Amino acid sequence: MNLAIFKIFPVSGQAANVIDVLESMKVALASVADCLGCTVAFEADEDETVIYTERWRSREALESHLRSPIFLRVLEAMEFSRKAPKMEFFTVSEVGGLEVIEMARLKDHEFGEF
């Protein structure tokens with residue numbers, strides 16, 4: 001799985017517009033088989049950061065998307081950032097769920113730390 005994280009710092013009064021553009025990506029990518037999903041979050045910190053995340057089945061699918069016309073929406077949203085947006089791309093080799101928590105807590109229990 002490949003993960004792309006974009007952090008945008010909207011200029012004053014533009015956060016809602018940035019969020020709207022990024023929310024529209026959910027609909028646009030819903031029918032793309034290799035897209036495993038995307039999310040939009042807003043951090044109510046001093047930077048009022050908008051975080052947009054996409055998950056892709058493969059690196060090739062992600063790179064194809066980055067060259068696609070639909071990705072221009074993300075680039076458009078980045079234009080409303082008052083400072084340079086931050087982008088991070090990860091290749092994930094293993095994904096876990098609740099079992100990771102259970103295993104970690106079981107190890108603590110085995111060593112008498114509960």
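## Exercises on a predicted model

The buried residues of helix H2 (residues 59-66) are Ala-61, Leu-62 and His-65, where buried means under 20% relative accessible area, exposed means over 50% and partly exposed lies in between (1.4 Å probe, protein chains only). Helices (H or I, at least four residues) and strands (E, at least two) are DSSP runs, numbered from the N terminus. This is a predicted model, in which local features need pLDDT of at least 70 and side-chain atom pairs count only at pLDDT 80 or more, while totals for chains, interfaces and linings use all residues. Residues are numbered from 1 along each chain as its sequence is written, and side-chain values use heavy atoms, with hydrogens and water left out.

**Exercise 1.** Find which strands and helix the buried residues of H2 pack against.

*Solution.* Begin with Ala-61, Leu-62 and His-65, the buried residues of H2. They cover an arc of only 100 degrees around the axis, and therefore lie on the same side of H2; the arc is that of the directions from the helix axis to the C-beta atoms. Next, look for their partners, using contact in the sense of heavy atoms within 4.5 Å: the buried residues of H2 pack against strand S1 (2-8), helix H1 (15-29), strand S3 (50-56) and strand S4 (86-91).

**Exercise 2.** Locate the salt bridges, and state where the residues of each pair lie.

*Solution.* A salt bridge is a side-chain nitrogen of Lys or Arg within 4 Å of a carboxyl oxygen of Asp or Glu, and by this rule the count comes to 3. In one of them, Glu-23 meets Lys-26 at 3.2 Å, N to O; being 3 residues apart in helix H1, these two are separated by about one helical turn. In another, Arg-59 pairs with Glu-63, with the closest N and O atoms 2.9 Å apart, and these residues, 4 apart in helix H2, are likewise separated by about one helical turn. There is also a salt bridge between Arg-57 and Asp-34 (3.4 Å, N to O). This pair links distant parts of the chain, 23 residues apart, with Arg-57 in the loop between S3 and H2 and Asp-34 in the loop between H1 and strand S2 (35-42).
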